[in-house]
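Biologist: Could you walk me through this model? I'd like to start with one residue and then move on to the chains.

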There are 2 protein chains.
Amino acid sequence: MSGATWVSLTEQTAKIAALRATAALLEWDQQVMMPTGGGDARSGQIALLAGLVHEHMVAPALSATLAELATQPLPADQAAAVRNLQRDVARAIRVPAALVSELARAQADGFQAWLDAKQSNDFASFAPKLSHLFALKRQEASAIDPTRHPYDVLLEAFDPGTTLATLRPLFARLEEGLRPLIDAVRGLPAPAEVSGTFDLTAQKALHEQVMVALGFDTHRGRLDFSEHPFSTAIANGDTRITTHLYADDLLAGLSGTMHEAGHGMYEQGLPKALAGTTLDDAASYGLHESQSRFWENFIGRSLPFFRWLAPRIKAHIGADVAPEAMFAAANPVEPTLIRIFADEATYNLHILVRFRLEVALLEGSLAVEDLPAAWNEAYATTLGIRPATDREGCLQDVHWGSGAIGYFPSYTLGNLYAASLAAALQSELPDLWGQVERGEFAPILAWLRDRVHRHGHSAEAPDIVRAAVGDRDGVTDLLDHLWSRHGKLYGVSRS
Amino acid sequence: MSGATWVSLTEQTAKIAALRATAALLEWDQQVMMPTGGGDARSGQIALLAGLVHEHMVAPALSATLAELATQPLPADQAAAVRNLQRDVARAIRVPAALVSELARAQADGFQAWLDAKQSNDFASFAPKLSHLFALKRQEASAIDPTRHPYDVLLEAFDPGTTLATLRPLFARLEEGLRPLIDAVRGLPAPAEVSGTFDLTAQKALHEQVMVALGFDTHRGRLDFSEHPFSTAIANGDTRITTHLYADDLLAGLSGTMHEAGHGMYEQGLPKALAGTTLDDAASYGLHESQSRFWENFIGRSLPFFRWLAPRIKAHIGADVAPEAMFAAANPVEPTLIRIFADEATYNLHILVRFRLEVALLEGSLAVEDLPAAWNEAYATTLGIRPATDREGCLQDVHWGSGAIGYFPSYTLGNLYAASLAAALQSELPDLWGQVERGEFAPILAWLRDRVHRHGHSAEAPDIVRAAVGDRDGVTDLLDHLWSRHGKLYGVSRS
């Protein structure tokens, strides 16, 4: 009986997976390949596919199959799949169709209004759209579960298993722990940048060599270029990443490629379960981000990595760049205004500001029209600098205007998970840095495959990380790592 | 009333158009971008989208809307759309679902069996699959309309408005008219090939310049590379073409690019009507092919074109190639065994052989096991040469094994339409060849836009061509063109 029902479930989820894959391809193509003339029609195609996914998610037959399976004794992974799917289906069913389409419209409008407002540094023109979006997201959260804090409900879409109750103390401890490092470095001379002009074709060849050396499988994925780097999984054997090359910045582009390759290798390491059962899904946005940050920051900004990289830069680009110079240039500690250019240490304070503000906006304790002032005040208090314009302030990110409320914490969760994974890995692979310097990345990837990737979404992210590293504390691990790397570089030590 | 119903129709057809566009993107991506690892999942995605298109085509609501519109007085273009759609819907409804899926499976099996059989030159292993396919296509034709000849029913899917009664005398006249030219040239020395090694990156830049010069709009389309060149329209503003570059053959690749650019420019010139109403569709495969052949052969193999091209080859590739040498190399007349490498004159005899054989196979007057002998005999009689193996004989083409029966005549229809369009154009643009030599292609494209493209599928292809060129005869126009170009080149004249 259970066997037959499981088969019926996988038939239904395979369809949903194929529709999602198709939608993902439409979006990848839009950003990477599509000629501009295809834009009008593309929006309609994407909306149609999203509607079809929704239809299949709310289909009574799927709910019935899940309800029947939920009463049966199942193998642990199948039980996890049923739990995940029941949660996703419940979320899809509880939001009324009218609200779904109003949200879709408000998100499209919000994105456009944000683009225009950022361009013209005009928050006032964006404020009504943003208010409307927060109101709709409050309605959405309440429709899904009126008994929980709306922020917890929204957060669940990105990082199930994490709540406000986890995040608040975590950000408080981070703030407290980061301040001494930032204070210790304040006023010290910033490291020199690696300057020059670097041929783009040669850079591309270098990126491809690095990506393949890390373990990204080009038979099951590909690298392209887009305005903003991103990664997407079209299917189990088809993971696509993009990067952006800068003629005058060798490290910025490479950092992006390593970040996206980290996402891509996670996707390539997910179990090849039956499509759409959620067992072959990533466990959370935060865990996804841990994989990109691990490679981008922990490996990619380390001195041994730059020692391995230097002769490869020489071979591809012809430039002599000293590993120590790259290591210094890649690891400043300096409060700045723009999140996406922030260094490894101050980055999480940018997230902290956004987290606290979006909670307040959702609760209604902060009015949207007061956001610019609150933002600037928070930057002054937290990072010690104050934006001169909203363009460098609360208009800098795309997220809220596109309706992605509750998304920001995933970035910091990723950094914390990555720190604990890195600490555990370091204690288990004693020659880790020797291996990195020799370009032997395979044991590292194998460890991540074993501890993280192969588990898919068979448990929630915090549990997967706990099983992987034991009883470690992410905040402690991150602060230890930052003091060790940046403290040493700046010649300051923990008091 | 009619207004409301027309709006309701366009809402339904817009959905179908979006699904078709998505399916087209899945297929384009599979051939151009997809990593091999995506293959398994991709078949399922394409099959799912094909199923959704079918579901929407056979939906009772669509039939009801069409039936209501058919009784109303409508503007001529709307009436044409209703007629086209009723025909397509009727074809979709009349074929039982079981036969649809059996055909899909047989076509997939047939394609694979053909690949293997061609590889190993083993017709016997392919024969049962091919018999099965012909049997199913007979059933399909009979399900759609048991009162018409099955070949006419199948042909209608590619070239509505053309029938066996049109094709038979047309091929007979072509055969009769081509023989004296081929006989006259037989034994004369073949022109020298343009040999050398040509950098691929430089070739690509040359192709892009040529394609844009002809009028292909790269804001509404793009050029990529694939094993076999093809073109596809994802949406009105998104037409994609591919080509294949050969390091040792400058003209073969360029010929492919011009052919596909011709298809692409037709798509780009179709009316921007409401999506999916068929008014913005190509009128037929034959008319589509006329646009590719016009640019590939009539323009692209002309001496004035090579005069324009020569300095551009010099600029991109650094090679000095005399226009006269290219003109001679591009225009042999020489019976050969392989259709896709055939010259402009003998090409249609390859189609004639296939046309007669597929009619006989469908009627059952030729048994599949007797195909190799019949094929070889037909080549001996028609082209004067006999294949030594089935690989160079009846196994060379992908069409029948994939279920595309009734497709071949579109190639010759395209050549005939192109010949009449070219003859009419020449009489209306007296300085045509001067313009070509100066690279002034815009008036030519404007003429094609006006006479062919903008009409979409508001009439059947033969009627569109008749309205475009008046009472011309395609066979006469093609023979005149071939005698004029090839006769002159070989120094022979019509007796």
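Biologist: Is His455(B) buried or exposed?

Modeller: His455(B) counts as buried because it has 23 C-beta neighbours inside 10 Å; the cut-offs are 20 or more other C-beta atoms within 10 Å for buried, 12 or fewer for exposed and partly exposed in between, with C-beta atoms placed from the backbone. Bear in mind that this is a predicted model, in which local features need pLDDT of at least 70, side-chain atom pairs count only at pLDDT 80 or more, and totals for chains, interfaces and linings use all residues. Residues are numbered from 1 along each chain as its sequence is written, while chains are lettered from A and ligands numbered from 1 in the order in which they are written.

Biologist: Where is His455(B) placed?

Modeller: His455(B) sits in the loop between helix 18 (442-451) and helix 19 (461-469) of chain B, where helices are DSSP runs of H or I with at least four residues and strands are runs of E with at least two, numbered from the N terminus. Its C-alpha atom is separated by 37 Å from that of His316(B), which is 139 residues away along the chain.

Biologist: Switching to the pair of chains, what rotation superposes chain B on chain A?

Modeller: A rotation of 180 degrees, with 0.0 Å of shift along its axis, superposes chain B on chain A with an RMSD of 0.1 Å, which is the relation of a two-fold axis. In chain B, the C-alpha nearest the axis belongs to Thr22(B), 3.8 Å from it.

Biologist: What about the nonpolar core, which residues touch the most other members?

Modeller: Leu214(B) and Ala261(B) do, in the largest nonpolar core, which has 102 residues; such a core is a set of buried Ala, Val, Leu, Ile, Met, Phe, Trp, Tyr and Cys residues joined through C-beta atoms within 7 Å. Not counting residues up to four places away in sequence, Ala261(B) touches Met211(B), Leu214(B), Phe216(B), Ile241(B) and Trp295(B). Another core, of 101 residues, lies apart from it and includes Leu133(A) and Ala461(A).

Biologist: How compact is chain A, and why?

Modeller: Chain A has 20 helices and three strands. Its radius of gyration, 23 Å, is close to the 23 Å that the globule rule gives for 495 residues, so chain A is as compact as a globular protein of that length; the radius is taken over C-alpha atoms, and the rule is 2.2 Å times the number of residues to the power 0.38. The C-alpha atoms of chain A fill a box of roughly 60 × 50 × 50 Å along the principal axes, and 46% of the 495 residues count as buried.

Conventions. Two residues are in contact if their C-beta atoms, placed from the backbone, lie within 7 Å. Copies are superposed by least squares on the C-alpha atoms of residues with pLDDT of at least 70 in both.
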